[in-house]
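Reader: Hi! Could you walk me through this one?

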Amino acid sequence: MGEAFVSVEHVMDGEAEDEGKQGQSKESSQIEVLEQSKALGQIKEPGKSKELGQVKELGQSKALGQIKEPGKSKEPCQIILRKTEEQTAGYYQTWTIAKFDGNRFITQNYAEESFVDNCLCLEAEAGFYRILTTNRSPNGNQLAAEYRFCLEEGQTEEVQMHFRKGSPEEMLVEYPLEDFEVMEDGKQEMASCLTGEKITILAFLDEGQEPTEHVLNEMLEQQKYLDSQNFHIYFVLKGEEALQNKTLGRVLESVLSVRVVYGAFDEIVEPLARRMYVDPDKLPLLLVVRPGLIGIYASSGYNVGSVEMMLKCIREV
């Protein structure tokens, strides 16, 4: 098996960067890749034992697809990718696989493939591969990571997907949001009036659904910090029936600073999520806004530690 994902500074859309400079010979590019593989621990020196994802020097050329044995059919390879429930993995959007062709990495077309039960099995040829993952932060930066490995004929490589998470400084933005109406205590209010002169958390919840349950449980864990900070917290719900949810009820009893309002999710959520560059189809939607309804942080769906990250971002303001 190859080394763990490593952070990279730059990533190009679609195609990954070429390996080596133009004008290098094919042989020198191959040597460079072999040296990279040794540095990553994917190719051991002669005499050492072979582990998963590593090849002996005799098999290096075969792994790169440079030598074919006459009369022998190729054995298929497999790449098994695993991700966690909260990770979003859309091919060409958040990850790609590229194969080295002797001069550069060529992105493979797996656009029609998708994860099932957080697992994806891909058929591949023997060769030297690179997986790139990207996570776009709200300020527009792409946080990229890569993973390189060699496949010999008939080999299976299992990979746990990794998507980088930004620091609080990287997650902060300033996006003016369109004002919207909510109901509080039976009265129509504009969201901008709720925020006043304080930082405000707006949590659009989908009670009873697993992602919202996770976020509510994280809020219970962060109870003392949510109650001790100088900011507003509003739970935006679809209707009063949401108050029957047990986990929501526990949070309202424990985090006394939370206030409840109601809104038309079909009209409100998608424009806000798109403006903050998060997935508009996932709830809960967590927003942090400063006075004037200026969005400074957003998260949609469930991401481990999202409540803690939200609090860290507030401390940075």
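Author: Happy to. E178 sits in the loop between β9 (175-176) and β10 (181-184), where helices (H or I, at least four residues) and strands (E, at least two) are DSSP runs numbered from the N terminus. This is a predicted model, in which local features need pLDDT of at least 70, side-chain atom pairs count only at pLDDT 80 or more, and totals for chains, interfaces and linings use all residues. Residues are numbered from 1 along each chain as its sequence is written, and side-chain values use heavy atoms, with hydrogens and water left out.

Reader: Thanks! Is E178 buried or exposed?

Author: E178 is exposed, at a relative accessible area of 69%. Buried means under 20% relative accessible area, exposed over 50%, and partly exposed in between (1.4 Å probe, protein chains only).

Reader: On to pairing, then. How many salt bridges are there?

Author: The count is nine salt bridges, each being a side-chain nitrogen of Lys or Arg within 4 Å of a carboxyl oxygen of Asp or Glu. Side chains of opposite charge can pair when their charged atoms come close.

Reader: What does E125 form a salt bridge with?

Author: K99, with the closest N and O atoms 3.0 Å apart. That pair links distant parts of the chain, 26 residues apart: E125 is in the loop between β5 (119-124) and β6 (127-136), and K99 is in strand β3 (residues 95-100). E125 is partly exposed at 47%, while K99 counts as buried at 15%.

Reader: How about R259, what's the partner there?

Author: R259 forms a salt bridge with E184, and their closest N and O atoms are 2.8 Å apart. Here the two residues lie 75 residues apart, R259 in strand β14 (residues 258-262) and E184 in strand β10. R259 is partly exposed at 38% relative accessibility, whereas E184 is buried at 10%.

Reader: Where do K312 and E308 sit?

Author: Both are in helix α9 (residues 306-316), four residues apart, so about one helical turn separates them.

Reader: Switching topic: how many disulfides turn up?

Author: Zero in the whole structure, taking a disulfide as a pair of cysteine sulfur atoms within 2.5 Å. As for the cysteines, C77 is buried at 1% relative accessibility and C193 is exposed at 54%.

Reader: Last one: which peptide bond is cis?

Author: The bond from L283 to P284 is cis, with omega near 5 degrees. P284 is in the loop between α8 (265-275) and β15 (285-290). Y277 lies in the loop between α8 and β15 too, and has a positive phi near 60 degrees. Most residues other than glycine have a negative phi, and most peptide bonds are trans.
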